[in-house]
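Please read it alongside the sequence and the coordinates.

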Amino acid sequence: MVTARRAYRSPIREKQAQSTRNAILDAAAQSFVDAGYAGTTMKDIAERVGVSVQSVHLFGPKASLLLAAVDRAISNGDGTSSAGVDEGFHAAVAARTKPEKLRRMRAFIRGRMPQAAPVLRAFRDAASSDPAIAQAWRQHERRRYADVTTFVESCGDLLQPGRTIQRAADIAWAAIISPQVADMLIDGRGWTIDEYVDWAVETFDLLLLR
């Protein structure tokens, strides 16, 4: 009788591998932000980490590194959130009064932007030249729209009379809680993150709520 060998798992090796992966994704994200997707090579990423190019390739091709870096940026590294949904988002959805809902909304956007916005900008730019990344970007935007819709639905009776959930979600997704709008105001016009977030929350209130 042949006894099957039990697979050996080393917690130390697994921890080291995860640490290396995190370092590579950090380096990849920063390279994509600094030089753009097209301008970043696997060698650039390897040099930032201090590992061989072969070590970087073990964690996937360049497109996979970009998508993994995006997932980390919008999920705080746990890989379980959809388009950045986390405790802050759930707290905003669960809030019942208007002041509390707007306060939670502001806290969620302000807490996420510094980490996610630069990587999402690189992601969006890369989508213009890579069909696979373009498809991933469209999927990301569908998830973002779904999350915006969830928040708008949670506003319930706070919405202005005549504002349907779909129309309010369209406006919030495209014109208020939007990476493109944030880029135009912050990078194009020199607004600070706090100024953009304050404007986004105020505009959401004025345009959509009672």
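Are helix 4 and helix 7 roughly parallel or roughly antiparallel to each other? The model is a predicted one, in which local features need pLDDT of at least 70 and side-chain atom pairs count only at pLDDT 80 or more, whereas totals for chains, interfaces and linings use all residues. Residues are numbered from 1 along each chain as its sequence is written, and side-chain values use heavy atoms, with hydrogens and water left out.

The protein chain has 10 helices and 0 strands, where helices (H or I, at least four residues) and strands (E, at least two) are DSSP runs numbered from the N terminus. Its C-alpha atoms fill a box of roughly 70 × 50 × 30 Å, taken along the principal axes.

To return to the opening question, the axes of helix 4 (residues 62–75) and helix 7 (residues 131–155) cross at roughly 15 degrees, and the two helices are therefore roughly parallel to each other. Axes here are lines fitted to C-alpha atoms, for helices over the stretch in contact, with angles from 0 to 180 degrees between N-to-C directions; angles under 35 degrees count as roughly parallel, over 145 as roughly antiparallel, 65 to 115 as roughly perpendicular and the rest as oblique. Contact means heavy atoms within 4.5 Å, and by this criterion Ala63, Leu66, Leu67, Asp71 and Ile74 in helix 4 meet Ile133, Ala136, His140 and Arg143 in helix 7. These residues divide into 6 nonpolar, 1 polar and 2 charged, with Ala, Val, Leu, Ile, Met, Phe, Trp, Tyr, Cys and Pro counted as nonpolar, Asp, Glu, Lys and Arg as charged, and the others, Gly among them, as polar.

| Pair | Axis distance | Angle |
|---|---|---|
| Helix 4 and helix 7 | within 11 Å | roughly 15 degrees |
| Helix 9 and helix 10 | within 9 Å | roughly 135 degrees |
| Helix 6 and helix 9 | 11 Å | about 105 degrees |

Helix 9 and helix 10 are therefore oblique to each other. Val181, Ala182, Leu185 and Ile186 in helix 9 meet Ile193, Tyr196 and Trp199 in helix 10, a contact with 7 nonpolar, no polar and no charged residues.

Helix 9 also packs with helix 6, at an angle of about 105 degrees, which makes helix 6 roughly perpendicular to helix 9. Met113, Arg121 and Arg124 in helix 6 meet Pro179, Gln180, Ala182, Asp183, Ile186 and Asp187 in helix 9, and the residues of this contact divide into 4 nonpolar, 1 polar and 4 charged.

Helix 6 bends by about 60 degrees at Met113, and a proline, Pro114, follows within four residues; the bend is the angle between axes fitted to the seven residues ending there and the seven starting there.
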